[in-house]
Amino acid sequence: MKKRIVAFRRLNEQQIAQLREQFHVDYFPSLEGVDDPGFREALAEAHGLVGASLKITPELLDEAPHLEAIASISVGYDNYPVDELTRRSILLCNTPDVLTETTADTGFSLIMATARRVVELAEFVKRGDWKESIGEAQFGCDVHGKTLGMVGMGRIGAAVARRGALGFGMNVLYSYASPKPELEASLGARRCEMEELLEQADFVCVTVPLTAETTHLFGAEQFARMKSSAIFINIARGKVVDEPALIQALDDGQIRGAGLDVFEQEPLPADSPLPHMANVVALPHIGSATHETRTAMAQRAVDNITLALTGERPISLVNEPAWDSRRQS
C-alpha cells in the first residue's frame, strides 16, 4: 500500500505527478487553515506533509499518528515544534540554498530603495509634484563606500555582504554569528560586538533566524545606539523587531529610515503606520518570491519528502537527531 502525503501548498503539475508515482497524495493547494475538515481527515492517515505557512502544533501532531516527515517549502522553521518533532522521530526538512541569492537580491534592493528614496520619489512623480529640478528636500544618501552591518552571517547574510563589499565597495561588519574567516579574507569583513556594529554601521541588515533568543532582538535600546543617518533593513522575521520601538525611532528621527520585508503580524494590520511613513519601504514578504525560486523551493521539498518516506536521508534536514533515532529503530 502506498504511503500518504498531504500537500498544502501549490505545487506544479510535474511535482504533483512525481509524488503520485510513489505515494497517495491529498492535495490542498488553497488551504486556509488547519480547521479545514478535509485536511483534518487526511492528516489522520498522513505519513508525510509538504507545505508552508501553516502553524504545526503538538496538538495537531497528535492527530497524525502515522506521520514520519514534514517537508517545509521554506528555509525558516519557526512554525514547527522542532523539539517535539525530534522526540517523536519525525523528520523536518527545509529548503536552504535554493533561495539564498534571491532573498539577498531582495535585501539589497531594500538597501538601495531606502537610501535613494526610490518608492517615495516615484510616488512624487506620479502625483505630478515634479515641476522643477529637485533640491535637497529630495536628496537620498550614497550606498557605495558606506559601512554595512550584518546582524547574522549565514547563507543569506553572506550573500548580502558579498553584494555590498564586491559590488559597492562597502565596509562590512558582522555580529550575532560565529567567526567567518573565509568571508573576512574574501570580503574584508570584520566580526565585532553588536554594540559596535550599531554605532558604526550606515546600514544595519538583519538576517538571523527567529528563536527565543532573537525575539525582539531589536528594540528601543538598539535603535538608540544607531546613527541618526542609519537605515535599518529586516529580511529575517518580523518578530526579531519590537515594532512599536521601530516606529518610534523612525518618528523621532533616531534613524533615517527602514526597509522591511517582514513584520510582526502578516499581512500588516490596516492601522499600522509603517506603510504610510515616507522613510519606510514596506514589502509584502517577497524575499524568495520569484517564479524560478519558488519552483526550486517546492522541488526541493518534493525531493526531501520522497527521500524521507523511502528510507533515505533528505537533502536538507533540520533535526538530525530524528534521523539518527530512525536509523537506530
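I'm working on a predicted model, so to speak plainly: local features need pLDDT of at least 70 and side-chain atom pairs count only at pLDDT 80 or more, while totals for chains, interfaces and linings use all residues. Residues are numbered from 1 along each chain as its sequence is written, and side-chain values use heavy atoms, with hydrogens and water left out.

I get 34% helix and 15% strand over residues 108-287, with the end C-alpha atoms 11 Å apart. Helices (H or I, at least four residues) and strands (E, at least two) are DSSP runs, numbered from the N terminus.

Helix H5. I looked up residues 100-115: 16 residues, 23 Å from first C-alpha to last, close to the expected 22 Å (1.5 Å times one less than the number of residues). Twelve of the 16 residues in H5 are buried, among them Thr100, Phe108, Leu110 and Ile111. Buried means under 20% relative accessible area, exposed over 50%, partly exposed in between (1.4 Å probe, protein chains only). After H5 comes Arg117, with a positive phi near 55 degrees.

Ile156. I found this residue in helix H7 (residues 155-168). Ile156 counts as buried because its relative accessibility is 18%. Leaving out residues up to four places away in sequence, Ile156 touches Leu99, Thr100, Thr103, Ala104, Thr207 and Ile235 (contact means heavy atoms within 4.5 Å). I also checked Asp105: its C-alpha is 9.5 Å from that of Ile156, 51 residues apart along the chain.
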